[in-house]
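Subject: Structure for you to look at, with notes

Dear colleague,

Please find below the structure I promised to hand over to you.

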Amino acid sequence: MPRPRSFHARYGPTALVAGASEGLGAAFAHGLARRGLDLMIVARRAEPLEQTARALRQEYGVRVHAAAMDLAQPDTLTSMRVIARDFDVGLVVFNAALAPVGPFIEEDPETLMRVVDINVRGPVALARTFAPPMIARGHGGLVLMSSLAGGQGTPRVATYAASKAFNTVLGEGLWHELRQGGVDVLASCAGAIATPGYARVGATARPAPGTLAPSVVAERTLDALGRGPRVTPGWINALAAFIVGRLLPRRLAIAVMAASTRELT
């Protein structure tokens, strides 16, 4: 079966964005609404999520359903199955993430396990829930947000970085598996993004080289969907990924990442 050519036909009628209350997730939602897709947006905090939903409806005239839910909870998979039954989801963007900053042994153990629940179990649950109906239709898409931090060990965000490495590898594997059924999968390995979360960890006073606006990351990621298994938005970030991941000895690569996270709080 030939795949539809237009973005809406290929990935519509509805896109689900997890982690859409602000920052990059909201930018993805705006980018998808501009492309004419209706939206299901999911995040833990109800008030900012509903604010994003109202803005999308007013600006683009698309249908938006906002569902406040904690993706770390055990009933997430059940909730996703309900959404899959009630909404014709043709594209899933998993942007939700928890990124505690600090020495590993000083982190609350429950927080560290929430990182695993949200950043690892979450994308697996959504992919397993929504990929089968996409395969049945013969088209669809899945975007997993990863990070340059996941290219090697990254001190002070070690658990977050490890979870992002998982997302990259998961995305690449699913890219090969699911494309035979017409489903495009993409792992987006972003560098620093000027989001409210980035500001909260004290990174805006001295932004990292290659820091991009959320809208730029979202647009470049959506433009890359269907063109390969992985994208790194921004040429500075792509160059950094090549140097740190391919040219530097592993010990030095880890030291470089340690220097980049030293001032995060």
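A residue is called buried when its relative accessible area is under 20%, exposed when that area is over 50%, and partly exposed in between, the calculation using a 1.4 Å probe and protein chains only. Please keep in mind that this is a predicted model, in which local features need pLDDT of at least 70 and side-chain atom pairs count only at pLDDT 80 or more, while totals for chains, interfaces and linings use all residues. Residues are numbered from 1 along each chain as its sequence is written, and side-chain values use heavy atoms, with hydrogens and water left out.

Two places in the backbone

Most residues other than glycine have a negative phi, and most peptide bonds are trans. Arg156, which is not a glycine, has a positive phi near 75 degrees. Arg156 sits in the loop that runs between strand E5 (140–147) and helix H6 (158–178); here helices (H or I, at least four residues) and strands (E, at least two) are DSSP runs, numbered from the N terminus. Because its relative accessible area is 27%, Arg156 counts as partly exposed.

The other place is the peptide bond between Gly12 and Pro13, which is cis, with omega at about 0 degrees. Pro13 belongs to the loop between helix H1 (7–11) and strand E1 (14–18). Pro13 is also one of the residues that Asp38 touches, together with Thr14, Ala15, Val62 and Arg63, when residues up to four places away in sequence are not counted; contact means heavy atoms within 4.5 Å. Asp38 itself is in strand E2 (residues 38–43), and because its relative accessibility is 14%, Asp38 counts as buried.

Helix H2 and its partners

Two packed helices are described by the angle between their axes and the distance between the axes. The axes are lines fitted to C-alpha atoms, for helices over the stretch in contact, and the angles run from 0 to 180 degrees between N-to-C directions. Helix H2 (residues 23–34) packs against helix H8 (residues 214–224) at an angle of about 50 degrees, with the axes 8 Å apart, and H2 is therefore oblique to H8.

The nonpolar cores

In soluble globular proteins, nonpolar side chains tend to be buried together. A nonpolar core is a set of buried Ala, Val, Leu, Ile, Met, Phe, Trp, Tyr and Cys residues joined through side-chain atoms within 4.5 Å. The largest such core here has 34 residues, and those with the most contacts inside it are Val17, Phe28, Leu32, Leu39, Ile41 and Leu91. H2 gives the most to this core, with six residues. Leaving aside neighbours within four places in sequence, Phe28 is in contact with Val17, Val93, Met145, Ala218, Thr221 and Leu222. A second, separate core has 27 residues, including Leu16, Phe94, Ala131 and Leu178.

Helix H5 against helix H6

Helix H5 (residues 109–137) and H6 pack at an angle of about 15 degrees, with their axes 9 Å apart, and the two are therefore roughly parallel to each other. Among the residues that meet in this contact are Leu112, Pro123 and Ala131 of H5 and Thr159, Asn167 and Leu170 of H6.

Leu112 is buried, because its relative accessibility is 11%. Leaving aside neighbours within four places in sequence, Leu112 is in contact with Phe104, Glu107 and Thr159. Pro123 is also in helix H5, and with a relative accessible area of 1% Pro123 is buried. Pro123 and Gly171 are 48 residues apart in sequence, and 9.5 Å apart in space, C-alpha to C-alpha.

With best wishes

Conventions. Angles under 35 degrees count as roughly parallel, over 145 as roughly antiparallel, 65 to 115 as roughly perpendicular and the rest as oblique.
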